[in-house]
Amino acid sequence: MDVDTDENSSNPVPISPVTFQNKLPDTVAIVPVVFIVNNILKTLSRPQLDMLATHISGFVDGKTKQAGKASFEELQIDCDWTATTRENYFYLLRQLKSKPEIQHKILSATLRLHQLKNQSGSGIPPVDRAMLMCYNMGNLRKYGNQNSILEISELKKYLGHNIAAYPMPVDIGLPLFSWAVAFRNKTYIGISKRIKNVDLINKNQFIFIGNNIYKTAKDLPEFGLLKADEVRWEDSSVPDLEAAAGYLSGLIKAKKISIIYFHLDENVIKAYHYHDLEKVNDLLR
């Protein structure tokens, strides 16, 4: 689930919680993940954070049982905390760790690349493990042919000694998603989520102008584009995933590494072969 404020009040509430219609097979384990919207942490008092920790731990425990599981081994909290929310966020994590439902389990937190690089400013979350999100690392809004989702040269700017020196085991999250970044007169106008890779090869709609850049051949209102707008197609190619995994494998010191792919959507995963992802996994093992 996500945790955000209710429309009618300032109280944190669960947003779009997962629903298990059937019990999961015995062969499947789950790691509950709770995404906390950073802005809600700015104004919460300590008593409110105490209550939030109680609500999250109880809600996660209930959802676990709904999935047919007696318990879970790890709870992961996802939050892009900042300097202004760091104190409240770290306090919330400590409160969560003290709850009976979580006390003897692994508590992990997601870690953005900028938080890894700026450890003094971002701080070290009081958890057992960190999940490093190795994507969204470039300047999305900058005109050009770069790949803001995953680019090894950008990845190297953040990692190096920073990951080796991190004071807890680090797991890895890699991207599988793609998107079309749109520009008008070389100025960023947004991500066109309706555009698929197959649309870009339609010569009645788009003209390929080199690298990963396409220009609209006419107005395309279905995509929110005008004639001569440009689209940069960004994706997570298998060679880029392998390059990232190969680079990371020499830096990570943890004896055991968990790997996640964002995201395992049914349509997204069709673009990849199992053996390709297994090869990426092997590079990190």
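These are my notebook entries on one predicted protein model.

**Ground rules**

I number residues from 1 along each chain as its sequence is written. Since I have a predicted model, local features need pLDDT of at least 70, side-chain atom pairs count only at pLDDT 80 or more, and totals for chains, interfaces and linings use all residues, while side-chain values use heavy atoms, with hydrogens and water left out.

**Entry: the whole protein**

I started with the overall make-up and found 10 helices and 13 strands. Helices (H or I, at least four residues) and strands (E, at least two) are DSSP runs, numbered from the N terminus.

I looked up the extent next: the C-alpha trace spans about 60 × 50 × 45 Å along its principal axes. For 285 residues a compact globule would have a radius of gyration near 19 Å, and the protein's 21 Å agrees with that. That radius is taken over C-alpha atoms, and the globule rule is 2.2 Å times the number of residues to the power 0.38.

Then I checked the surface, which comes to about 15,200 Å², with 51% of it belonging to carbon and sulfur atoms. Accessible areas come from the Shrake-Rupley method with a 1.4 Å probe; for residues, only the protein chains shown count as cover. Buried residues make up 45% of the 285. Buried means under 20% relative accessible area, exposed over 50%, and partly exposed in between (1.4 Å probe, protein chains only).

I also looked at contacts (heavy atoms within 4.5 Å). Of those between residues at least 6 apart in sequence, 70% join residues at least 24 apart.

H8 covers residues 238-249, and its 12 residues reach 16 Å from first C-alpha to last, close to the 16 Å expected at 1.5 Å a residue. The expected span is 1.5 Å times one less than the number of residues.

Which residues of H8 are buried? I noted Val238, Leu241, Ala244, Ala245 and Leu248. Seen down the axis of H8, these fall within an arc of 125°, so they line one face of the helix. The arc is that of the directions from the helix axis to the C-beta atoms. I reminded myself that an α-helix has 3.6 residues a turn, so residues three or four places apart point the same way. The buried residues of H8 pack against H5 (152-158), H6 (161-164), S7 and H10 (274-284).

I went on to H10, where Asp276, Leu277, Val280, Asn281 and Leu284 are buried. They sit within an arc of 140° down the axis of H10, so they line one face too. Tyr274 and His275, on the other side of H10, are exposed. The buried residues of H10 pack against S7, H8, strand S13 (259-262) and helix H9 (266-269).

**Entry: Asp171 in S7**

S7 had come up for both helices, and I picked Asp171 from this strand, residues 170-175. Asp171 is buried, at a relative accessible area of 2%. Its side chain makes a polar contact with the side chain of Arg129 at 2.8 Å. A polar contact is a pair of N or O atoms within 3.5 Å; within protein, one must be able to donate a hydrogen and the other to accept it, and residues adjacent in sequence count only if both atoms are side-chain atoms.

How far apart in space are Asp171 and Ile257? I get 5.2 Å, C-alpha to C-alpha, though they are 86 residues apart in sequence.

**Entry: two buried threonines**

Thr110 lies in strand S5 (residues 106-111) and is buried at 1% relative accessibility. Its side chain makes a polar contact with the side chain of Asp78 (2.6 Å). Beyond its neighbours within four places in sequence, Thr110 is in contact with several residues, including Trp81, Met131 and Met133.

Thr216 is in strand S11 (residues 213-216) and is buried at 2%. The side chain of Thr216 reaches the backbone oxygen of Leu226 at 2.6 Å. Among the residues Thr216 touches is Ala228.

Most residues other than glycine have a negative phi, and most peptide bonds are trans. I found Ala228 with a positive phi of about 80°, in the loop between S11 and S12 (230-234); Ala228 is partly exposed at 43%. Asn185 also has a positive phi, near 55°. Asn185 sits in the loop between S8 (179-184) and S9 (187-191) and is exposed at 73%.

Last, I looked up a cis peptide bond, which joins Phe262 and His263 with omega about 0°. His263 is in the loop between S13 and H9.
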